Amino acid sequence: MKRVIAFFWGPADPRAYALVRITLAVAALVNLADLWPHRYEYLALGGMVPLDGLRRATAGKLYGSIFYAVPSEAGVTALFIGAAVALVALGLGWWTRVAAALVFAWHLSYCHRAFPVLHGWDAILRSYSLLVLVSPSGRVWSLDHIRRPRPDDAADVPAYGLRMMQWQLFVLYFMTVWLKVPDSFWRSGQVLAYFSVSQYSRTPNSLFLVRHEWMSTIGTYLSMAAEASIPWLLWSRRTRFLGMAAGFGLHFMIGTTARLGVFSICMIPPYMAYLERGDIDWLIALYRRARSSIARRPVPRASASGERAD
Amino acid sequence: MTLPAAWVTPLKAFASLLFLGHMAATCAQAIPDQSALRVLSPPFRHYDELTGLWQTWDMFTTIPYFHDYDVDLQVTEADGNVTRAGALLPGLRTFDRAVRTETLFMRYLYDPEFAPYLNGYIDNVCGELRARRGHGGQKVVVRESCQRMRWLNQIREDGNIANPEDHLSKTFTCGG
């Protein structure tokens, strides 16, 4: 039991929680902006997801949603605006715990009202907003800290939230690999070629990967290898940045070639949960070096002095 | 407020068990129905529902089937006059090719789990038709116009990516 307690209650850098919180807020805002033009279609009474059908399909299940009580178009718009404010507050760390509760309620509510339009990234937003709600808030990087600093804001916090977030990412990749491995198209390496000419591609009329199938094969196998190895690579400090590079590379590829940009953005917060103090210090040092090298760059005299060159 | 020192370890142990339970709930739901371990899944069902933890990671577990996808409504009046209407509600607007909306129609038309939604969707369509045309009684069919992808070797042969395919739902009758 001691080991279990140490696993969940061992020390963690509060900045890792702050990074998850901030990136989750940004990803959820992007998702909200993506949903905004369709809000009446998916969530209002006269839209395409009928409430009576929803009740019949989900009978006996404990799904809750604010949208059940607010079905009008004006009400839906008001809830969207409220959710956007809560997401900005969560990202900034302003009334963080209240904002996290509202953000969790938002994700639960739209998901439980609009089942037929949901995708994998909605599950990521739902599960991580629950975990952000029950985790230390990462106060060290927040507006709350600037307004009312506490001596222990930068002190270590328990790791339990990060552990559950890490587990969630592990389950996500494990399950997707588990389901893809038996598929004959994944095995033959043809997935990327077919995907490139499908309705989900940004360039569905380009035959490049169809004509160069060997590139599709390499790309398909690399995608599968990345998904299978990312959780393991992220776990160890020595291989963490390789795991990050593989994950971000994979999701950057998906985001740029498929009409699934929101999905790629929603995959960023889970990775933040693996960062440790040394990683964050290294990233900050990298950022500072980059900033100072930009600042040292020679600038035209006229601009530097504020005088006109002529 | 500070907890008595004697309470800290038992409380941490109890919380750790809850965390383990949450982690078990995250993965138990993914155990296949046919598995002998499926019995581990039901105890977590209500927890998954209440917390929104339910999840499936089956995106693109095989190839997509369509090169292009469009959907509209075929409306037949009592006198036999056939017209087309947009499938998006509210407003019977033209399909805008949003990924989520594509998913909605594919689920409504092919996934039995989503069958209860289709009748309600048609009810809303009939309500819009009645409001616009001043009467009900129309027969409504959801019409998918797809481009089904051909095999890679066929595409390479002549450069033709897909074949057109129309799918019609069953016919629904709007109340008068």
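**Exercise 1. Find which residues of H7(A) meet which residues of H9(A), then work out how the two helices lie.**

Step 1. Start with the partners: A:Ser127, A:Tyr128, A:Leu131 and A:Val134 in H7(A) meet A:Gly161, A:Met164, A:Met165 and A:Gln168 in H9(A). Two residues are in contact if their C-beta atoms, placed from the backbone, lie within 7 Å. Helices are DSSP runs of H or I with at least four residues, strands are runs of E with at least two, and both are numbered from the N terminus.

Step 2. Sort these residues by class: five are nonpolar, three polar and none charged. Here Ala, Val, Leu, Ile, Met, Phe, Trp, Tyr, Cys and Pro count as nonpolar, Asp, Glu, Lys and Arg as charged, and the others, Gly among them, as polar.

Step 3. Now the axes: those of H7(A) and H9(A) come within 9 Å and cross at roughly 170°. Axes are lines fitted to C-alpha atoms, for helices over the stretch in contact, with angles from 0 to 180 degrees between N-to-C directions. Angles under 35 degrees count as roughly parallel, over 145 as roughly antiparallel, 65 to 115 as roughly perpendicular and the rest as oblique. So H7(A) and H9(A) are roughly antiparallel to each other.

A word on the source: this is a predicted model, where local features need pLDDT of at least 70, side-chain atom pairs count only at pLDDT 80 or more, and totals for chains, interfaces and linings use all residues. Residues are numbered from 1 along each chain as its sequence is written, while chains are lettered from A and ligands numbered from 1 in the order in which they are written.

**Exercise 2. Which residues touch the most other members of the largest nonpolar core?**

Step 1. A residue is buried if 20 or more other C-beta atoms lie within 10 Å of its own, exposed if 12 or fewer, and partly exposed in between.

Step 2. The core has 97 residues, and A:Ala16, A:Val20, A:Ala86, A:Val103 and A:Cys266 touch the most other members. Helix H2 of chain A (residues 14-35) gives the largest share, 11 residues.

Step 3. Zoom in on A:Ala16: leaving aside neighbours within four places in sequence, A:Ala16 is in contact with A:Leu162, A:Met272, A:Ala273, A:Leu275 and A:Ile280.

**Exercise 3. How many residues of chain A are in contact with chain B, and which helix gives the most?**

Step 1. On chain A, 61 residues are in contact with 54 residues of chain B. H9(A) gives the most to that side of chain A, with 11 residues.

Step 2. By class, this side of chain A has 37 nonpolar, 13 polar and 11 charged residues.

**Exercise 4. Is B:Asn160 buried or exposed?**

Step 1. Locate B:Asn160: the loop between helix H5 (152-158) and strand S4 (162-168) of chain B.

Step 2. Count: B:Asn160 has 10 other C-beta atoms within 10 Å, so B:Asn160 is exposed. Not counting residues up to four places away in sequence, B:Asn160 touches B:Arg150 and B:Ile155.

Note on methods. A nonpolar core is a set of buried Ala, Val, Leu, Ile, Met, Phe, Trp, Tyr and Cys residues joined through C-beta atoms within 7 Å.
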